[in-house]
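Let's take a walk through this structure together, starting with the overall layout and then stopping at a few spots along the way. Keep the 3D view open as you read.

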Amino acid sequence: MAKKSIGPVRREFTPWETPDHPPFIEFRNVTKMFGDFTAVDNLSLKIYEREFFALLGGSGCGKTTLMRMLAGFEAPTAGQIFLDGQDLAGIPAFRRPSNMMFQSYALFPHMSVEKNIAFGLKQDKLDAAEIRDRVAEMLRLTKLEQFAKRKPHQLSGGQRQRVALARSLAKRPKVLLLDEPLGALDRKLREETQFELMNIQEELKTTFLIVTHDQEEAMTVADRIAVMDKGKLVQVATPAEIYEAPNSRFVADFIGDVNLIEAKVSRKSGEGTLLESVCEGFAIETNQETDAGIGDRVWYAIRPEKVRIAHGRRDQDAANQIDGLVWDIAYLGDVSIIHSKVGESEKDTILRATFANVSRMVDNPITWDDEVVLSFDRDAGVILRG
Amino acid sequence: MDEPVPVRRTLGGWALIAVPYVWLLIFFLAPFLIVFKISLSQIAVAIPPYIPTFDLASGWQAFFEKLGELSFENYLWLTQDDLYWKSYISSVIIAGISTLLTLVIGYPIAYGMARSPQSLRPTLLMLVILPFWTSFLIRVYAWIGILKNEGLLNQLLLTLGIIDEPLVILNTNMAVYIGIVYSYLPFLVLPLYASLERLDGSLLEAAEDLGCPPWLAFWKITLPLSLPGVIAGCFLVFIPAVGEFVIPDLLGGSDTLMIGKTLWTEFFNNRDWPVSSAVAVILLMILVIPIILFQNQQQKIAEKEA
């Protein structure tokens, strides 16, 4: 049997698994205060060369501040930031080897597309032929050739976004900073552009650092994601690890949909852990180990798509089988999300299960007030302590 | 499909649109035509002091005969006496220099206001407008007290030992510049402030991010983008300054030549209504050209924003 692994392995690129691999960008105990407000709280983070790294979090979590400190628009209150071995303290933004793509794009309205792209190159006093070549290369990369002479106000939102990208890449920065780069695009265009961004990153092999509040965007584009909350890193891992093995209720809840079942540890063995749900009535058998002691309160996090739902005990092999009553159904077309009441006490729990609508016509479909059995495997969820 | 529904204007709707046109008709076009007619008449010792005067009482025949008496003689006269074209040129030069000085002083003020904390801006705006609460005439008179030989400025400089003799400022062109710059500064600061305040701060960050030091970013980004405000402000100073009468009359010297003063002398001292009317018509022509330029500029901005 093949070895089990978490999620798809994107490519043979995992420098973070080698402890002594030198980081390309390093935040070392960085703190940033705005008056009394701590935007970034004693944060340390290593990002590696050629990595596509995402800072993910809600508004006010400090992700943008962290990026702006790297760009040089804010100075850390304490701590150091290194880029390619160089301490960035005291280096003004206009001398830093990073370029930023702004959320508002910040295109110069009085300059044509070409001139916008050439702006940074002119600051470097490159000769005219070189600038022309570089601008042509960027126009090709972002498929903007026929818009070279247009002014920003003559372009669509998607085209402006590409001009902003071309302008920030033209100087061949050591690291490209993307501040919510796709926030202003509609959903379809956003998805397309995400893949475009990944292709460009693979072609140029530049280190990309993206700030976003959109978990799908982060999971699509990034090699690794740092989930931030209140100025601190909550978890730094690959998208699959973040989704399948969240380290806290915050991460489990922030990324995707999750059932969080409050439970107590009732038995521990080499085989795994047995949990007793707080709302009574069912036990959860897992193959997970936990450092919580017997009787400690924990949470069992299980994704709705890992929960199977059926009318009877069809799934004899499943380690966990829980009786439930269908309470609500959200029909989304591709899947239905079925909310079932489980447990016996008054504090009953709602357990969500995703039901893939694989057939158009169904005999005896699951419907409201049906008695159902919810089943899942021993390795379907994770035990979280906080 | 979704054809736009044609707007059906009611009588009230038409009346509303007509307001500015009626206003301009009564208070601009009609007086202008009267002045233009007088400019084509001849001076006479009469009341009013020009001929011909039209009176339909003597019938249409007389009306058309009198129409024949009108001539462009006065305009010809303006080209023959060099006082007039010298006054025009001198007015444009004085207004031009004053506008430049106003810009040099007003730009930093507007920039500083636009860069000040959001909470402070309404107060600063109030302070710029505050002088309007005092009569314009009184403020110009006050400058006499400041600039005269034994005035406040000279007293201060003498006391501080910076100068040994009082500076002669009053009744020179310098005093006119000071007066115009002081009086018209708000007209330049306000539109300039509006355009600088609209400027997206992230543009300057982007310029800096791309390797442009902040002082260079001012020349490459801030200045070009504030140009519409600069142009609007300069026109608002230049146009009234060309025809200015009070400031050169009160602060300027006898050799300060401005068309407003010449016109006043022609009208009140010489009682030559036809020639002074011709002067006024030409002045309007000189001002109409900049106004058209200004409107073109405004239209371009409007198109850009659309």
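This is a predicted model: local features need pLDDT of at least 70, side-chain atom pairs count only at pLDDT 80 or more; totals for chains, interfaces and linings use all residues.

Of the 386 residues in chain A, 39% are buried. Look at contacts in chain A between residues at least 6 apart in sequence, and you'll find that 64% of them join residues at least 24 apart.

Now for the way chain A is divided up. The domain assignment gives domain 1, covering 15-252, and domain 2, covering 257-384. The C-alpha centres of these two domains of chain A lie 39 Å apart. Where they meet, 5 residues of domain 1 are in contact with 6 residues of domain 2. The domain 1 side of that meeting divides into 3 nonpolar residues, 1 polar and 1 charged.

Let's turn to a sheet. Chain A has an open sheet of 4 strands in the order S2-S1-S4-S5, with antiparallel pairing. Which strands sit at the edges? They are S2 (37-47) and S5 (86-87) of chain A, each of which pairs on one side only. Zoom in on the S5 end: strand S4 (residues 78-83) of chain A is joined to S5(A) by 2 bridges, and the two run antiparallel. Here Leu83(A) has Gln86(A) in S5(A) as its bridge partner.

Next stop is helix H3 of chain A, residues 128-141. Its 14 residues reach 20 Å from the first C-alpha to the last, close to the 20 Å expected at 1.5 Å a residue. Which residues of H3(A) are buried? They are Val135(A), Met138(A) and Leu139(A). Seen down the axis of H3(A), these buried residues fall within an arc of 100 degrees, so they line one face of the helix. The buried residues of H3(A) pack against helix H2 (113-123) and helix H4 (157-169) of chain A. On the other side of H3(A) you'll see Ala129(A), Glu130(A), Asp133(A) and Arg140(A), which are exposed. Just after the helix, Lys143(A) takes a positive phi of about 55 degrees.

Helix H2(A) turns up again where chain A touches chain B. That contact takes 18 residues from chain A and 15 residues from chain B. On the chain A side, the elements giving two or more residues are strand S6 (98-101) and H2(A). The largest share, 3 residues, comes from H2(A).

Finally, head over to strand S19 of chain A, residues 371-376. Strand S15 (residues 308-310) of chain A is joined to S19(A) by 3 bridges, and the two run antiparallel. Strand S16 (residues 320-331) of chain A also runs antiparallel to S19(A), with 6 bridges joining them.

Conventions:
Residues are numbered from 1 along each chain as its sequence is written. Chains are lettered from A and ligands numbered from 1 in the order in which they are written. The expected span of a helix is 1.5 Å times one less than its number of residues. A residue is buried if 20 or more other C-beta atoms lie within 10 Å of its own, exposed if 12 or fewer, and partly exposed in between; C-beta atoms are placed from the backbone. The arc is that of the directions from the helix axis to the C-beta atoms. Two residues are in contact if their C-beta atoms, placed from the backbone, lie within 7 Å. Two strands pair if DSSP finds at least two bridges between them. Domain bounds come from an automatic or database domain assignment. Ala, Val, Leu, Ile, Met, Phe, Trp, Tyr, Cys and Pro count as nonpolar, Asp, Glu, Lys and Arg as charged, and the others, Gly among them, as polar.
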